[in-house]
Amino acid sequence: MEKQITSLTSSRRGFFQKTAVLFGAGAVATRLMGQSTTTPGGQPAAGAPTDLDVLQYALTLENLEAAFYTQGLAKFAAGDFNSSNFVQNFGSKVGGNLYGRLTEIRDHEQAHVVAISAVVKQLGGTPVPPCTYNFGYKTADDFIMIGMALENTGVSAYDYAIGLLTNPDIIQAGATIATVEARHASYLNFLNGTIPFPTPFDQPKTMQEVLAIAGQFIVSCPVPPTTPVTPAANPNAPTLAGISSTINTRDSRVNLDASGSTSVTGQAVSFSFTQVSGGTANINGQNTSTPSIVLLGGAGTYVFQAKVTDQAGNTTMRMITVNYTP
Amino acid sequence: MQEIKSEVSPDTGSNRVYLSGAAVLAGAAALSSALQAQTKPVTDIDVLNYALTLEYLEATFYTQGLKQFTSGDFANGMFATNLGNAQSAFGDSISSDVFGYLLLVRDHEQAHVRALVSTITKLGGKPVGACTYNFKLNSVDDFLTTAAVLENTGVSAYDGAANLIKDRDLRRTAATIATVEGRHAAYLNMITGQDPFPAAFDTPKSMAEILAAAAPFIASCPA
């Protein structure tokens, strides 16, 4: 059974360009695609992911990260990093450590895989096996740049998932991994010449958002999907009107109109439009009902998230895939 | 005045993270309640006030230190020289950014304080006040060493407190602060010549352990 999850590209250096077809990333992906709703007050809706689901999701990401570093460090020698642009920028004090530091990160990701797999088994689950990946890097610089994207995504994934977990021991273990991913992210941001800690609060991303990002590196996965469980809809969720999940455009400007969105109580709703992946894009009026997106990164697929929130905190989100062929 | 004695056993782990010192705090009423919380159920407001106690300490530390030292002090410090100052191969890439990055860290800690105060108030709690601190910073290298200790301690504090928070949204918000502390810790470890990510799993620490580590910096706290 085959499930087309998404097709994502990034025009940036062109190394994300491919179609990601997942041969069923299992229950996790199936369950989490599509529209999602949450209730205010932080209580899980009926049908919300169990701790086991969340661990399998974390394992999916850790498998990906571990494979990324294991493959990359097998492909590149220390010398390749020494001649990379990043090391040239920083000189020998950092450059001399770089390969060793990346080896440490690889070992950490492998340790996370081992630890999470053990807990999955304790809970009576079968740990999801690694998939086949295509990371698309050609040079050591590419590798470091993708590493940065993966680590920052990992931080956002764990920050969100910690709110889904219920078992105190698993919450604590998740937190001790999250902060290590943040350390990796900080270091890799630094190497890439980006601010190591760009904001006072990291940005949590939903499982759905993270799997959309991870999907672009996944060629196929061995585990067939199990019975999908659809999270129960929140009866108080606001409607998100006028927003399609797929938009094909020849124009670099995409105007959206969600002004017909309503809350159950009839009170005002607020909007948030953010970019999830793809080439460079500007969102003008991202907190209005009528944002205008300007696609600056050229032809390709861009993914955005639309979110409507009512005054009680009920939300409805939808992913918007924009296929731009000028 | 009130005395709190911590019953923490000596830390056997890294002395990078752990600050020794008898945990005798003068008048730390807020901290006292956090410690008593080990036998009483801990409320989310307790945990948020505990986090606020640490964020006040961090915010004050950076606010004071960055007034005391100039960007020139950082460029001439031992760590900058070890990393390679403007004259060496390492170049400006790291040393010249240090002051600016520390200003950003300061801003983050101040933002954490504001967010925690506002959340505690919104939940109907009373935010603890800032204490008076004594950081004993004789040089910019002292400052960086202490900053690294505080950030790594912050990581262990948030990792240890995450599972005490019952509300899922609050726990998620705490996680988004914890990972930022982790980013700060990695950077400061790197600047001070240490491993940015010394272990595959960070070490969670209990409130008692963290308050013992914070105690040497605290002169007095409002009742």
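Student: Which residues of H9(B) are buried?

Tutor: The buried residues of H9(B) are B:Met207, B:Ala208, B:Glu209, B:Ile210, B:Leu211, B:Ala212, B:Ala213 and B:Ala214. A residue is buried if 20 or more other C-beta atoms, placed from the backbone, lie within 10 Å of its own, exposed if 12 or fewer do, and partly exposed in between. This is a predicted model, in which local features need pLDDT of at least 70 and side-chain atom pairs count only at pLDDT 80 or more, while totals for chains, interfaces and linings use all residues. Residues are numbered from 1 along each chain as its sequence is written, and chains are lettered from A and ligands numbered from 1 in the order in which they are written.

Student: What makes helix H9 of chain B mostly covered?

Tutor: Eight of its eight residues, 207-214, are buried. Helices (H or I, at least four residues) and strands (E, at least two) are DSSP runs, numbered from the N terminus.

Student: How many helices and strands does chain A have, and what share of chain A is buried?

Tutor: Chain A has eight helices and twelve strands. Of its 326 residues, 49% count as buried.

Student: Why is A:His108 called buried?

Tutor: A:His108 has 23 C-beta neighbours inside 10 Å. The cut-off is 20 or more, so A:His108 counts as buried. This residue belongs to helix H5 (residues 92-122) of chain A. Apart from residues up to four places away in sequence, A:His108 touches A:Val180, B:Phe197 and B:Ala200; residues are in contact if their C-beta atoms, placed from the backbone, lie within 7 Å.

Student: How do you know whether B:Lys136 is buried or exposed?

Tutor: B:Lys136 has 9 other C-beta atoms within 10 Å. The limit for an exposed residue is 12 or fewer, so B:Lys136 is exposed. B:Lys136 sits in the loop between strand S1 (132-133) and helix H7 (140-161) of chain B.

Student: What is to be noted about the phi of B:Lys136?

Tutor: Its phi is positive, about 50 degrees, although B:Lys136 is not a glycine. Most residues other than glycine have a negative phi.

Student: Why is H6(A) called roughly antiparallel to H7(A)?

Tutor: Helix H6 (residues 140-161) of chain A packs with H7(A) at an angle of about 150 degrees, the axes being 8 Å apart. Axes are lines fitted to C-alpha atoms, for helices over the stretch in contact, and angles run from 0 to 180 degrees between N-to-C directions. Angles under 35 degrees count as roughly parallel, over 145 as roughly antiparallel, 65 to 115 as roughly perpendicular and the rest as oblique. The angle therefore makes H6(A) roughly antiparallel to H7(A). By class, their contact has eleven nonpolar, six polar and three charged residues; Ala, Val, Leu, Ile, Met, Phe, Trp, Tyr, Cys and Pro count as nonpolar, Asp, Glu, Lys and Arg as charged, and the others, Gly among them, as polar.

Student: How do you know how H6(A) is directed relative to H8(B)?

Tutor: H6(A) and H8(B) pack at about 150 degrees, with axes 8 Å apart. That is over 145, so H6(A) is roughly antiparallel to H8(B). In this packing, A:Val155, A:Tyr158, A:Asp159 and A:Tyr160 of H6(A) meet B:Arg172, B:Ala175, B:Thr176 and B:Thr179 of H8(B).

Student: How many residues does each chain bring to the contact between chain A and chain B?

Tutor: Chain A brings 39 residues and chain B brings 41 residues. On the side of chain A that touches chain B, H7(A) gives the most, with 16 residues. That side divides into 21 nonpolar, twelve polar and six charged residues.

Student: Which residues have the most contacts inside the largest nonpolar core?

Tutor: They are A:Ala161 and B:Ala162, in a core of 133 residues. Helix H7 (residues 168-191) of chain A supplies the largest share of this core, 13 residues. A nonpolar core is a set of buried Ala, Val, Leu, Ile, Met, Phe, Trp, Tyr and Cys residues joined through C-beta atoms within 7 Å. Leaving aside neighbours within four places in sequence, B:Ala162 is in contact with residues including A:Ile162, A:Ile171 and B:Ala174.

Terms used
Two residues are in contact if their C-beta atoms, placed from the backbone, lie within 7 Å.
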